[in-house]
Amino acid sequence: MNTILIQILGALATILLAFIVGMFYGGAHRKVIARIQNRVGPPIYQNFIDVLKLYSKETSINHGVMQHMGPVFAITASITSLMFVPILTDGNWFSNLNFSGDLVFLVYMMVFGSLGMALGAGQTGNPNSAIGVTRGLSQMVGYEIPFVMAMVALMTQFHTTSITGMIAVQQQSGTWLMFSNPFAFMAAIMAMLGMFSYAPFDIVTAPAEVSSGPISEFGGKYLGMMMTSGSIFAFVKLALFVDIFMGGASNLVVLVIKTFALYMIPVLYGVISPRYRTEQAITYFWKWPLFFGFIAILYAAF
Amino acid sequence: MNSLILLLILMFGGALFAFILNKFVPALRDIFVVLLMLGVSYLFFSTGISNRLNFDVLGIHMQWGFTSASYLFGIIVVVLGSLALIYSTAYMKGKDRLGYFYMNFLFSIGAMLGILMSRDLISLFFFWEIMTWSSYFIVIYSGNDVDRRGLKYMIFSAIGAYSMLMAIVIVNSFIGSFLLEDVFASIFAIGSGYQIAIAILLMIGFGVKSAMMPLHVWAPRAYSESPMSYTAVFSGALSKMGVFGFALVLFNLVSTQNWLINEVVAWLAAITSVLATFYAVIQSDAKKLLAYSSIAQIGYIIIGLASNTYLGVMAGLFLAVLHAVFKSTLFMAVGAVERQVGTTDMTKISGLIRRMPWTFVATLISIIALAGLPPLGGFVGKWMLYEALITSGHYYLVIMVFLSSTAAFLYSYRILFGMFLGQEEPEFAHVKEAPLSMLIPMLILSGISVLSGSHPGFILEPIQSAMASFGFQSNLPHESWWELTVLFNTWGDKVALVNVLTSIVGVFLIALAFITIKGYKNQRYVTTKDISSSGEIIQPEDNMTFQIDFYKPFERAIWPLLKRKIDDYYTDFGKGLEALFDFVRRFYNGNGQFYAIYVMAFLALLLIAGTKYFGF
Amino acid sequence: MVISPVQYIAIPLIAAFLIPLFGKLNKELVRIIPGLVLLYLSYISVVLMNQVISQNTMIVEIIAGWRPPWGINLVFSPFSGFLASLFSMLGFIIWMYTYNFKREVEDAQTEKFYVLMMMLITGTIGIVLTGDIFNMFVFLEITAISAYSLTAFYRERDGAEAAFKYLLVGSFASFFILLAIVLLYSQVGTLNMADIAQKMPDVNPYMKGVILMLFFVGFGIEAEMFPLNGWAPDVYTQAPGPIGAIFAGMVVKAGIYGLVRVIFTLFDVHEIFPLLMIMGVITMAVSEVIALRQGKLKRMLAYSSIGQMGLVLVAFGIGTHEAVFAAIFLMFNHAVIKSLLFLSGTYLVYHSKEKNISDLDGIGKSLPFTSFLFALGSLAIVGLPPFAGFWSKLYILMAAADVRLIAVIAIILAVSVVEIVYYFRVLHRIYFRERISTIEIKIPSFNAKISMLILAIVIIVIGVYPDLISGLIERAATDLLDKQHYIQSVLSVGLH
């Protein structure tokens with residue numbers, strides 16, 4: 001009984017941590033962009049205010065059950081993924097379900113949310129939403145492949161498919177995997193640009209083209225829940241990359257430093273780039289990232 | 001009487017009787033076919049696998065009986081067959097030639113059972129051909145464009161079947177027996193050139209039925225133009241006969257020295273699955289989309305089998321069972337839409353979710369299973385497949401599978417959106433939910449998809465015994481099926497399915513409660529015309545549907561791969577042949593004098609050459 | 001009355017001559033008498049076959065008291081008896097079909113038809129039963145002359161032309177065979193086949209070759225071997241439907257019987273087998289390929305028939321026991337199946353002037369029974385299980401595989417695919433096109449339906465349970481291959 005209680009408390013703590021960190025990073029994102037564009041920008045805690053406001057709103061309309069469940073799907077995927085990603089290398093509190101699933105599972109779990117969300121967006125009947133979804137899915141085919149190639153390279157190199165296994169490998173050898181297999185890291189980082197869907201890959205929500213795409217019919221608590229989910233998910237992705245490529249984190253400070261450093265890559269890359277068209281985005285991922293992934297597997301296998 | 005014979009007599013006799021019954025008492029036809037199929041299912045399950053029947057025909061020794069491997073496929077056949085027939089009673093109501101339809105339907109199911117119970121190559125081929133022509137007759141049932149579509153199916157089936165036959169007679173000429181056990185026992189004693197040739201010829205035969213590249217060109221239209229109640233069986237069970245055959249060949253007839261065959265098969269299957277997925281993505285007709293998707297999914301199954309590792313084969317067989325379950329559900333759902341709406345063209349229909357909610361539920365569940373998302377059964381199969389490929393060193397193969405599975409999300413979404421989501425057009429306001437006899441089979445099958453996600457043991461148990469009969473010794477601890485919820489790969493990495501399910505369902509329910517409790521009652525439904533549109537007010541007659549060129553950007557990105565279709569090459573080849581045939585035909589020019597000259601010339605030739613070369 | 005093989009020849013011949021006489025008594029008798037005769041022949045077939053099989057002998061009938069090798073004799077061996085039985089039973093079924101066929105033609109025509117048909121059947125049965133080579137030539141002529149006349153039965157230009165072509169090429173056949181017989185007689189001084197076979201080793205090899213080639217070409221013409229078969233498609237097309245069935249079911253079979261009897265028993269030179277096989281392969285490939293491009297139903301069936309004969313030749317050319325078994329089995333299957341196709345196909349294009357396949361569009365709805373049987377025949381002829389054609393094709397392939405003729409297997413199977421294409425195209429037209437042509441439909445009479453149904457049932461029963469007949473065929477194959485036994489049995493008759 002006690003263990004279950006600890007588990008639940010640990011899970012809640014993890015969710016809270018992910019939420020807070022994710023929210024702040026979102027704020028930082030806005031701030032960084034503003035500074036580069038020579039604006040003052042919103043305060044770094046702006047996202048908290050937004051979410052709070054959204055949750056306190058009353059939603060009065062919907063287009064059906066699937067729309068109602070769309071954000072639920074999204075947050076389910078974010079939180080479940082979070083449960084399976086090791087946050088700290090030695091923390092009991094944050095271990096959650098780390099040992100119950102491996103990388104392959106996580107890759108699938110991570111797309112669960114966007115598909116559930118897509119269903120919700122689909123029911124709204126807004127053509128912009130559907131267009132956004134098709135763009136998102138198309139782009140996903142683009143970046144998943146180099147990402148998976150990087151993962152497969154690491155798996156074959158170290159004969160494990162679990163994230164905890166990869167952390168263990170790095171702790172034993174003392175070398176981060178980004179140095180053990182730099183090609184895999186290159187491929188994965190380029191894929192990460194797509195995963196975050198910041199410019200130049202913000203084709204899904206592209207405000208000027210499809211008026212925010214999938215989320216255009218969602219307001220109030222729906223939007224709030226989606227923002228929550230987005231923040232947690234951003235954290236999940238960063239933590240995953242830190243675990244795999246940067247040796248994990250032994251305490252929260254290290255975790256924040258590492259994830260923030262990593263987070264700056266898509267943010268800074270995005271600031272200076274205009275938006276791609278969908279097919280350009282796909283072909284982008286199928287050029288250099290694919291090449292690096294290819295080399296990474298060769299490097300790992302031979 | 002031996003229950004195996006009884007099974008076949010019931011099936012084939014029942015099929016003929018259904019045809020006759022339809023002529024005289026059409027009202028009893030539906031009840032008869034369903035009862036017959038249920039009776040046969042009962043008989044099948046009571047038959048068991050120890051029953052063996054030996055007999056001689058024309059001096060050829062034959063043996064019938066199920067092994068645990070064929071029993072596994074047999075379960076697919078009878079379960080799908082029964083459900084599809086129940087579905088059929090409503091789906092086919094009011095159509096022409098029902099006697100013809102049900103007769104061939106039952107023939108093909110009987111033939112499939114016959115294939116599975118064959119323990120020798122001749123009866124296998126015998127039933128294989130019956131299956132071919134009976135399914136062919138249903139493929140051409142709809143009657144449109146029969147000459148091209150039907151013939152294509154028949155030609156490819158014939159090429160496949162005759163390759164098989166060639167392999168069969170060659171095997172016999174070496175071994176002197178058609179019995180599978182004899183063939184398996186002594187195949188490696190014959191020359192390796194013939195060994196490879198036999199394996200390849202057999203695989204051409206099985207590859208046609210499982211629609212593997214480059215033998216797949218018949219499949220998209222054959223699947224999509226058959227009545228959906230049959231396509232459920234066609235794609236679900238009949239194509240699995242090809243998979244079954246592949247299993248027989250790959251595990252028993254390919255020696256370990258010829259591992260290259262495995263690799264080639266796996267790569268062909270991978271290319272099949274990727275290209276078929278891409279084609280599925282760009283389809284706008286739900287039936288065709290599913291048809292291409294079937295081709296792609298069977299690609300995974302064969303990759304699993306060809307990987308020749310314990311986990312891979314298990315994944316292949318698991319996916320085979322599951323594909324039968326979810327793909328037939330999907331075909332049934334599309335059939336339901338077709339029956340209620342009148343078309344399956346997704347550029348025409350949209351927004352049926354509130355009209356046909358149960359059909360949507362069944363579709364949604366099956367699509368989740370198809371896409372391989374946790375926590376449904378499809379994920380279990382995909383996970384095992386990936387792990388098997390990664391741990392056995394098929395690095396690039398696994399990338400192909402990933403590519404295909406990821407692209408599969410696109411068409412998965414397309415089919416849900418195209419039929420059920422999007423704008424709710426007033427022209428579909430009158431559409432009603434499908435009748436109960438169509439819904440129940442779909443929902444039963446959906447239930448299997450759900451259960452297999454957390455407790456795959458009830459499918460994995462029979463698969464393990466099937467694999468034992470293929471010669472794969474189980475390395476899993478023997479557990480009761482409900483305990484088998486944690487999957488391991490050979491490196492010891494695992495996924496705990498119940499934890500996954502608990503986590504997903506738990507979070508989902510909490511989040512749903514959170515979002516519902518506060519103020520859902522006060523929410524009202526607004527139509528899909530009432531949407532954000534930059535301030536403009538949308539009128540009811542405005543077309544806000546987004547269905548045409550759904551994945552155009554993606555299509556542009558992959559266009560170089562799809563430009564040239566294999567089908568075109570076949571068509572050109574066929575045309576060339578016909579021209580050649582026309583040329584040959586000129587020999588008979590209708591002039592009697594020429595014929596007389598031929599006779600004289602032939603005799604002269606014989607007298608000159610014959611005496612020289614025939615040595616007398 | 002004592003049953004003996006001579007009745008096979010005597011009764012139908014007498015009946016043929018008496019038919020005009022009966023016609024004077026009662027017009028209906030003209031149609032009934034042949035049926036009774038054929039029924040009786042079927043009956044004696046059963047009795048004699050039973051005797052031959054159970055006592056493991058062959059029945060040698062001496063005519064006019066001269067024992068072989070001096071007199072003419074009839075040999076009812078398992079092989080020849082099997083074919084004779086097949087011809088009489090098939091003849092009876094076809095008679096049943098013709099009973100109400102073309103009632104509209106005048107009586108004189110009907111009389112002529114039945115006289116010629118009886119002579120045709122007598123001729124074919126005579127060819128297989130005789131033990132004398134010159135006698136065989138005589139029966140061949142009887143067959144040929146009645147066949148020429150029946151081809152031109154409708155007295156149309158095309159019919160006459162076809163008959164003329166047949167006559168032209170057929171006279172070559174007669175000439176070559178006669179020449180061969182003369183040469184042979186000059187070498188061995190006997191006409192009895194057993195005696196010839198016995199004396200064959202003494203013949204000068206060069207002469208042997210020339211004679212064999214003459215026989216090969218002569219019988220090759222009758223057996224529709226490429227390139228000697230130019231006459232056949234026209235004849236099949238122009239002859240009345242049931243006669244087409246008789247051609248495909250009996251006349252060609254008799255030609256093949258002559259060919260293989262000469263090759264296997266008389267000469268027994270294995271060097272000719274490859275030639276036989278190659279000619280078979282070419283015949284099969286060429287004619288099936290041409291059949292694909294035919295626009296007329298009967299022409300298509302004709303080419304298909306030639307193709308099947310090619311396959312029979314291939315099987316005989318392989319020459320092993322298994323292959324001969326398969327060849328005889330295929331002869332049986334083809335006789336039954338192709339008859340069914342001709343009989344049902346005739347009604348499908350009954351009133352069509354051009355007999356085009358396109359006239360069949362949508363006829364499945366108007367003539368469901370006939371179309372169904374045609375479809376069944378189509379499935380059977382291409383060798384799909386569970387129909388009879390499957391087993392013979394399988395056995396041919398097995399025989400070919402046993403001697404490693406992989407290329408031949410590949411060609412046979414490739415040709416089968418072609419076969420499937422053109423037969424199924426016809427089925428598509430029958431069942432899946434809208435009927436647009438205004439050609440009147442002829443509903444088959446009851447007796448015609450029964451006769452077709454019998455053939456269909458035979459096809460299915462043999463397909464499901466081939467062992468029903470395999471014993472007979474097995475003995476027939478043994479008989480054909482065991483030359484010594486044949487010589488002994490024939491020459492020892494009357495010695496005791």
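Two residues are in contact if their C-beta atoms, placed from the backbone, lie within 7 Å. The model is predicted, so that local features need pLDDT of at least 70 and side-chain atom pairs count only at pLDDT 80 or more, while totals for chains, interfaces and linings use all residues. Residues are numbered from 1 along each chain as its sequence is written, and chains are lettered from A in the order in which they are written.

**Exercise 1.** Describe the side of chain B that touches chain C.

*Solution.* Step 1: 44 residues of chain B are in contact with 51 residues of chain C. Step 2: α5 (121-139), α6 (146-175), α21 (566-585) and α22 (592-613) of chain B each give two or more residues to this side; helices are DSSP runs (H or I, at least four residues), numbered from the N terminus. Step 3: α6(B) supplies the largest share, 15 residues. Step 4: by class, the side of chain B holds 32 nonpolar, eight polar and four charged residues. Here Ala, Val, Leu, Ile, Met, Phe, Trp, Tyr, Cys and Pro count as nonpolar, Asp, Glu, Lys and Arg as charged, and the others, Gly among them, as polar.

**Exercise 2.** Determine how α3(C) and α10(C) are oriented to each other.

*Solution.* Step 1: the axes (lines fitted to C-alpha atoms over the stretch in contact, with angles from 0 to 180 degrees between N-to-C directions) of α3 (residues 78-98) and α10 (residues 241-267) of chain C come within 10 Å and cross at roughly 170°. Step 2: α3(C) and α10(C) are therefore roughly antiparallel, a term for angles over 145 degrees. Step 3: the residues of this contact comprise 10 nonpolar, two polar and one charged.

How values were computed. Angles under 35 degrees count as roughly parallel, over 145 as roughly antiparallel, 65 to 115 as roughly perpendicular and the rest as oblique.
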